[in-house]
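Please describe the surface patches and the aromatic pairing in the structure shown here.

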Amino acid sequence: QRGARRWLRRRETSRRTNFNRKHAKALQLLQNWFRQQLAKAKVGRMRSIRDTLVSTALTEERRQKAALDIQRVWRNAQSSTITCRAKGERKVASEKETAQRRSTMAAVIQRMWRGFLARRRAAEDR
């Protein structure tokens, strides 16, 4: 029995060896193809991740630009409003100043006229 088992083991080993020799090229081609598919899938996933990151970065860049544009427009509107308000205040102040100046000038003219009349009456009374 020991001899029979040895013979069977040798035969099985020989068959495996012959099988491996005969089909080694085919096995190698299959392994290469399978590894290639795995590599392609990995590259595809990596590209997908990259594209997502790039599109996210572009989206973020667009959002930043939009935010800056909105801020710029808002600040321009605010400064325009402040400028218009300041001009209006200056105009009101200028009008008040002009009215006060006219009032003062009128008072000066009245004072001078009254003084002139008083002096004339005083001269006539003498």
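The report below covers the model, its surface patches and its aromatic rings.

## Basis of the model

This is a predicted model, in which local features need pLDDT of at least 70 and side-chain atom pairs count only at pLDDT 80 or more, while totals for chains, interfaces and linings use all residues. Residues are numbered from 1 along each chain as its sequence is written, and side-chain values use heavy atoms, with hydrogens and water left out.

## Nonpolar patch

Phe19, Leu27 and Leu30 make a nonpolar surface patch of about 310 Å². Patch residues have over 30% relative accessible area and no salt bridge; nonpolar side chains are joined within 5 Å and like charges within 9 Å. A salt bridge is a Lys or Arg side-chain nitrogen within 4 Å of an Asp or Glu carboxyl oxygen.

Leu27 sits in helix H1, residues 2-125 (a DSSP run of H or I, at least four residues). Its relative accessible area is 41%, so Leu27 is partly exposed (between 20% and 50%, with a 1.4 Å probe and protein chains only).

## Positive patch

Arg2, Arg5, Arg6, Arg9 and Arg10 form a positive surface patch; Lys and Arg count as positive. Of these, Arg6 is placed in helix H1 and is partly exposed, at a relative accessible area of 41%.

## Aromatic pair

The whole structure contains 1 aromatic pair (ring centres within 6.5 Å).

Phe116 is partly exposed, with a relative accessible area of 39%.

Key
Accessible areas come from the Shrake-Rupley method with a 1.4 Å probe; for residues, only the protein chains shown count as cover. Helices (H or I, at least four residues) and strands (E, at least two) are DSSP runs, numbered from the N terminus. The place of a charge is taken as NZ of Lys, CZ of Arg, CG of Asp or CD of Glu. Rings of Phe, Tyr and Trp (its six-membered ring) pair if their centres lie within 6.5 Å; planes under 30 degrees apart count as stacked, over 60 as edge-to-face and the rest as tilted.
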